[in-house]
Amino acid sequence: MKNCIVWLFLGVLLGIFVACDREEDLKPSGLDTERLRDSLDLEYPLVREYYEKYGVAVLRRFDEMLDLKFDFHDKDSRKFWDGLILSRIVRQTEMDSVMDILENSILVCFKDEFEWNGKVYRGGFVKKYFPPKILLVNNLVSEWGASKSFPTESVNAASESLQGTIHGAINDNGIVMSLNTRVMYSSPESFQKYRNDILYFLLAFIVDKYELYDQVPERFYQFSEAYYGKEIAELLEESGQIVDDVTGDTVRSISKAAYVRNYGVISNSVYPVMGAKREIATFWEVADRKRDFRLYLDQLITPEILDGEVQPAWNMTAVTRQKMWYVGHTLLNLGIDVRMLNDDPDFLNLLKLTEDELVNIE
């Protein structure tokens, strides 16, 4: 009987050790470099360049666990990533189209060196900040919706909750880009929506992860810092605008345009996301400094015109124009060619101003 107990105990220990080994197998080993290189489509110059110059592997053949879904300590994040359904790129002709989009419409924004407006910019953005892998798929579905693992303010997001079909996702391990060529090429609008959403979540995640908010001149935040995190009703009361002059009623909502004009913080088609789309309830708080920057970043990539306005939200007031100048120059200094993000002449002419000239904007 005693021998049976001993053997049973040893069997349990062996099971524990095997389970631990299996858990460890989920993480990349020292052979990961060799495995990755064997998975690369090195016939594409971009794939070879990104791997050899930046250490970033562009992959259509990958292991979901080893290359993406490991090393999560937050249960909500793990639930989101485990619930992702990735559809592989199989056909070579499809891969050719995907690589064309990747090279000429997405990664074209990130250059080792470029000249603009008489100045040479060198930022090394890819080498400094990109996750080690770019995973290419032709469809991506999220079963559980967003955790707080990356910002979701993009006006181009396929879903505000990030549940269902999404254009991509990103974590410390890799970027997943869903480049469904059939859908993307169905219309110019669809192409831009896909492309711009990918660029937004990529940049927003990197800015958030590396706290690049601190790279933005403090002047950007000073325009609106008196309002950050405060309830709109409180601000209206402080300014004597909480009562409607005509009806005498307490103001319960303001237009998105009024929000932008009052506080210099962008409102777009997905933010705030609760309540009426055209009005912002006064119990809402003004965005904090991080979201303030991300909203301007989103509007740099995809400018929107609010109801009743004739100019994009970033171009509505002297304050919004000055803040967009700081955002544009922050990206330039990081090594991002903003002309590839927004080629609007009004935006590019704004960036050509010196900081001294900026104060004269009306």
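**Reading buried residues, charges and contacts**

User: Is Glu94 buried or exposed?

Analyst: Glu94 is buried, with a relative accessible area of 8%. Buried means under 20% relative accessible area, exposed means over 50%, and partly exposed lies in between (1.4 Å probe, protein chains only). This is a predicted model: local features need pLDDT of at least 70, side-chain atom pairs count only at pLDDT 80 or more, and totals for chains, interfaces and linings use all residues. Residues are numbered from 1 along each chain as its sequence is written, and side-chain values use heavy atoms, leaving out hydrogens and water.

User: Which residue pairs with Glu94 in a salt bridge?

Analyst: Start with the general idea. Side chains of opposite charge can pair when their charged atoms come close. A salt bridge here is a side-chain nitrogen of Lys or Arg within 4 Å of a carboxyl oxygen of Asp or Glu. The partner of Glu94 is Arg91, with the closest N and O atoms 4.0 Å apart. Arg91 counts as exposed, at 51% relative accessibility.

User: How many salt bridges does the whole structure hold?

Analyst: A search finds 21. Take Asp41 and Arg61, whose closest N and O atoms are 3.3 Å apart. Asp41 sits in the loop between α2 (32-39) and α3 (45-54), and Arg61 in the loop between β1 (57-59) and α4 (64-67), so the pair ties together parts 20 residues apart in sequence. Asp41 is buried at 3% relative accessibility. Arg61 is partly exposed at 38%.

User: Where do Lys209 and Asp172 lie?

Analyst: These two form a salt bridge, with 3.2 Å between the closest N and O atoms. The pair links distant parts of the chain: Lys209 is in helix α9, Asp172 is in the loop between β8 (168-170) and β9 (175-178), and they are 37 residues apart. Both are partly exposed: Lys209 at 39%, Asp172 at 47%. Salt bridges can also share partners, and they join Glu153, Asp208, Arg291 and Arg294 into one network.

User: How many helices and strands does the protein have?

Analyst: There are 16 helices and 11 strands. Helices (H or I, at least four residues) and strands (E, at least two) are DSSP runs, numbered from the N terminus.

User: Which residues does Tyr194 contact, beyond its neighbours within four places in sequence?

Analyst: Contact means heavy atoms within 4.5 Å. Tyr194 touches His167, Ser178, Asn180, Val183 and Met184. Tyr194 belongs to helix α9 (residues 188-209). At 6% relative accessibility, Tyr194 is buried. Sequence distance and space can be read together: Tyr194 and Ile166 are 28 residues apart in sequence and 9.1 Å apart in space, C-alpha to C-alpha. Now take the whole protein. Among contacts with a separation of 6 or more, 72% come from residues 24 or more positions apart.

User: Which residues gather in the patch of negative charge?

Analyst: A patch is made of residues with over 30% relative accessible area and no salt bridge; like charges are joined within 9 Å, and nonpolar side chains (Val, Leu, Ile, Met, Phe, Trp, Tyr) within 5 Å. Asp and Glu count as negative, and the place of a Glu charge is taken as CD. Here Glu231, Glu234, Glu237, Glu238 and Glu285 form such a patch on the surface. Glu237 lies in helix α11 (residues 232-238) and is exposed at 57%.

User: What share of the residues is buried?

Analyst: Buried residues make up 50% of the 362. The accessible surface comes to about 18,000 Å², and carbon and sulfur atoms hold 51% of that area. Such areas come from the Shrake-Rupley method with a 1.4 Å probe.
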